[in-house]
Amino acid sequence: MKKIQVFDSTLRDGAQARGINYSVTDKINVLKLLDSFGIDYIEAGNPASNPKEREFFNKAADIELYHSKLVAFGSTRRKDIKAEEDAGVQALLSANTKTVAIFGKAWDLHVTDVINTSLEENLAMIYDTIYFFKQKGIEVIFDAEHFFDGYKANAEYAIKVLQTAEKAGADCLVLCDTNGGTMLCEMRAATKASVESVNTPIGIHAHNDSELAVANSLIAIEEGATHVQGTLIGFGERCGNARLSSIIPNLELKMGYECLPKGKLNDLYEVCRQLAEFTNLIFDETLAYIGQNAFSHKGGMHIDGLKKAKGSFEHIEPSLVGNYREFLLSEVAGKSAMASKLENDYPEVAKDKKVVAELMDKLKHLENDGVSFEGAESSFKIFIMKELGLHKPMFNLIHFKVFDEPSHHNTFGAYAVVKVDVNGETRMAAADGNGPVNALDKALREALGNFFPELTKVVLTDYKVRVLETNHATGAKVRVIIESSDGNSSWRTVGVSTDVIEASLLALIDSIDYKLLENEVQ
Ligand SMILES: [Zn+2]
């Protein structure tokens, strides 16, 4: 199997993305994560750009990496001076990495109109800078910036840039689609010409402005590139960089290449989740291979088909990338989905066709009434327990009242009073909140806190209300989905009613019920 070098730039190009701001600690965490995952090169920034980057490289020097090579990034020397006199080159050297990535201009327009120098001087800048680092025994990855636009405008010059870098001793020549506008056929032709013009390994660095970064990277590899740059989840300026989380499994599972150390592909899903967490961005669940939707099935026929023949409705086995298959509940999903859910929790019941059919029937009625358990798996569990007669209520809500009025300070506030019964013992509690549901939630947990101290850790983390379409003239129904968390895990429950407070209350009761039942089991 042919090995493809994987070069991640989450910490450099990825950090250019909107909404991303890594602290030095974040960067160290990402570095360790990517190293443990087996990424070959981790590009971590430009030591000349700011003190934070310098601090990072100082700290990173003390970290023992198991697999990865840390890469500092910088530009060629400025025009008309010697490489050793250039402050940027010196800063790059002071990062003390064994590998550097140096970018230089490959588009004649940029040479003449942006940095305002001659085409010859630009070649000298590239040569001198690479030569300087090679003399110091440092591995040099040369990024030919705007290579594809340059190739279109002046192919001969773009190729000359690569040959100059090769002559200076560069270890890898990376073709950059910096503006992300290159089409597939252009990518193929320009990469092919490059591979034929030099003997040094060729790399590809694609941006996603035409939604082609992954496809372009794969095409470049088909044409002979052996080094691929990108960011693990695709973070990057504008529309992002080539997403390695798609490129790697495509190469390994479908194209016969090797990217990661053996067995590491199984960690893909988990590593991407952790990276998103360090980055503090919301995970896009529609992402190929690593999104939660990637292997979730809703249509009844799909689910039925998958159960009969593995692979009938999936392009790969989800566990190969550490993801998992999920059957979503819905009216159309039919008996198969219900049976799958039951098989996990109540394998005996799942075999009883009559019980399954009854449950299915009940579910359809509920769905007609607007109670969908999709996105509220915990309420679904409670529903099944109730239907099977296995549910014993941990508490009863005897009474509740909510006061929701603007206060005299013109701020909106709400108060709630609740009375609960736990094993014959009653207790009343009141609480205020920034809205009626918040007040109700607090009052409920206050009242139950004495009986169940574990509830003090539970907080509401998400609250969604949706107005359901209705054929009735009596008024629309609302569906409330809440997400609760105890700091370790989170769970979601649903409530449906014509009254938003009541719908919220039903979801809250399920949420507390679920938490208490889970604790009972443990
Ligand atoms: Zn880039």
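Strand S2 (5–8) and strand S9 (residues 227–230) pair in the parallel sense over four bridges. Pairing here takes at least two DSSP bridges between two strands. This is a predicted model, where local features need pLDDT of at least 70, side-chain atom pairs count only at pLDDT 80 or more, and totals for chains, interfaces and linings use all residues. Residues are numbered from 1 along each chain as its sequence is written, and side-chain values use heavy atoms, with hydrogens and water left out. Helices (H or I, at least four residues) and strands (E, at least two) are DSSP runs, numbered from the N terminus.

**Strand S2 and its partners**
- Gln5 stands opposite His227 in S9.
- S2 also pairs with strand S3 (residues 41–43), in the parallel sense, over two bridges.
- Asp8 has Ile42 in S3 as its bridge partner.

- Asp13 sits in the loop between S2 and helix H1 (24–37), and His207 in the loop between strand S8 (202–206) and H9, so the pair ties together parts 194 residues apart in sequence.

**Helices H8 and H9**
- The axes of H8 (residues 184–197) and H9 (residues 213–222) come within 9 Å and cross at roughly 30°.
- Axes are lines fitted to C-alpha atoms, for helices over the stretch in contact, and angles run from 0 to 180 degrees between N-to-C directions.
- The two helices are therefore roughly parallel to each other (angles under 35 degrees; over 145 is roughly antiparallel, 65 to 115 roughly perpendicular, the rest oblique).
- H8 contributes Leu184, Met187, Arg188 and Thr191 to the contact, and H9 contributes Ala215, Asn216, Ile219, Ala220 and Glu222.
- Contact means heavy atoms within 4.5 Å.

**Sheet S16-S17-S18**
- Three strands form an open sheet in the order S16-S17-S18, with antiparallel pairing.
- S16 (459–468) and S18 (490–497) stand at the edges with a single partner strand each, so one side of each has no neighbour in the sheet.
- Neighbouring strands are turned by 15° against each other on average, direction ignored.
- Nine bridges join S16 and S17 (residues 477–485) in the antiparallel sense.
- Leu468 has Lys477 in S17 as its bridge partner.
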